[in-house]
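Colleague: Please take me through the ligand site and one of the sheets of this model.

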Amino acid sequence: MNNKIWLSSPHMGGTEEAYVKEAFDTNWIAPLGPNVNGFEGDIKAYLGNDKEVATISSGTAGIHLALILLDVTKDDLVLCQSFTFSASANPIIYQGATPVFIDSEEDTWNMCPVHLEEGIKDCISQGKKPKAIIAVHLYGMPFKVDEIIAISKKYGIPIVEDSAEALGSTYKNQKCGTFGDIGVLSFNGNKIITTSGGGALVCNSTILKEQAVFLATQARDDAPHYEHSHIGYNYRMSNICAGIGRGQMEVLDKHVGLRRNMHAFYQTLFQGIEGVTVFNEPSQDYFSNHWLSAILIDPNSSHGVRREDLRHAFAKAKIESRPLWKPMHLQPVFKQAKYYGSRVSEELFENGLCLPSGSNLSDADRDRIEKVIFTLFKR
Ligand SMILES: *Cc1c(COP(=O)(O)O)cnc(C)c1O
């Protein structure tokens, strides 16, 4: 009996348990301790660029903290990439602020600089300058960093860089997660490395990091008793989870290589299959970790094969695949929200499919994937 092939499943490197055991042996079973400090140091060393890192309970918590640190409050406007996972946008609502969604462009599938500027100008002309820009490196593909940063600087609106899917990716040789005023990483179970659940906030100063940790640990003022002059959160990472993270950091680059091999496998597989394009870096400036490999199927040139046909054929063979993210401006929960764009993200959603991309897939798994594709496309 064949096992299920997952889109992206956890892949341990081998040393994780030793770090976790050490936490047990020394009784650091708490949301602080040597693994938390060690993991933060490991990420800092990896990202370079004089960054400060605070590990937290999730990527979502990181985006929430980022908005708080950028002083986003009730009724503020926040510009957000529409084509993303809901966790990019939900923290805007946690703050009582209002999301304004921006379409993607076709090169990187990420935030379109033209529609971003259009949105900013329109908001300003209506008397309200947005407080932040949430831009996402989706599927590990860096967004148009130079263009988005230029707009951020021109209008003085800070960037929250959602790098949840892009640890290990680079733009012009600089690591994703280091471009925003605040960067956010995720270590959820399906991400490129995992701590079972967790995240990190990346920032430019120790003061900002200390503020993030203060808010993430219930905002206790300096006093012998519990004194609070701010609303706090319980968002810090556990020392157990951080132990897993330390082990995962040792294999991060290896796992990026393996994901990129999966992407190369699909590029070869779909060569000469009409109507299918594999999502790829637009130029040498972009280096994607290819967290998920994705394709577009153009039903007008694929001899009648549609995205859903491939998804169903995979499901029958116990292979997981999934449509691309449904844009936020099409989600029932955000139907009131403003949107600037055309139909780029809508068409990606209609015709796109994410393929099994894990760093732990075997040759036998790849054979099964190939067979489904070649049967459906009659190769
Ligand atoms: C996973 C993800 C998040 C949220 O991270 P969690 O750690 O699951 O809370 C945010 N944004 C994007 C684009 C993601 O893929």
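Modeller: The answers below concern a predicted model.

Colleague: Where does the ligand sit, and which elements give two or more residues to the shell around the ligand?

Modeller: The ligand is placed in the largest pocket. In the shell around the ligand, the elements contributing two or more residues are helix 3 (59-69) and helix 4 (86-94).

Colleague: How many of the residues that surround the ligand are polar?

Modeller: The ligand is surrounded by 15 residues, and the closest are T60, D162, E165, S186 and K191. Sorted by class, the shell holds 4 nonpolar and 3 charged residues, and its polar residues number 8.

Colleague: What distance separates a polar side-chain atom of S186 from an oxygen atom of the ligand?

Modeller: A polar contact requires a pair of N or O atoms within 3.5 Å. For K191, a polar side-chain atom is 3.4 Å from a ligand oxygen atom, and for N188 the corresponding value is 3.3 Å. For S186, a polar side-chain atom and an oxygen atom of the ligand are separated by 2.7 Å.

Colleague: What percentage of the ligand's accessible area does the protein cover?

Modeller: On its own, the ligand has 380 Å² of accessible area. Of this area, the protein covers 93%.

Colleague: Which residue in strand 7 is the bridge partner of Y171?

Modeller: Strands 6 and 7 pair in the antiparallel sense. Within strand 7, the bridge partner of Y171 is Q174.

Terms used: Residues are numbered from 1 along each chain as its sequence is written. This is a predicted model: local features need pLDDT of at least 70, side-chain atom pairs count only at pLDDT 80 or more; totals for chains, interfaces and linings use all residues. Side-chain values use heavy atoms; hydrogens and water are left out. A residue is near a molecule or strand if one of its heavy atoms lies within 4 Å of it. A polar contact is a pair of N or O atoms within 3.5 Å; within protein, one must be able to donate a hydrogen and the other to accept it, and residues adjacent in sequence count only if both atoms are side-chain atoms. Accessible areas come from the Shrake-Rupley method with a 1.4 Å probe; for residues, only the protein chains shown count as cover. On a 1 Å grid over the protein atoms alone, a cavity is a set of points where a 1.4 Å probe fits but cannot get out, and a pocket is an open set with protein on both sides within 12 Å along at least five of seven lines; lining residues have an atom within 4 Å of a point. A molecule sits in a cavity or pocket if more than half of its atoms lie within 2 Å of its grid points. Helices (H or I, at least four residues) and strands (E, at least two) are DSSP runs, numbered from the N terminus. Ala, Val, Leu, Ile, Met, Phe, Trp, Tyr, Cys and Pro count as nonpolar, Asp, Glu, Lys and Arg as charged, and the others, Gly among them, as polar. Two strands pair if DSSP finds at least two bridges between them.
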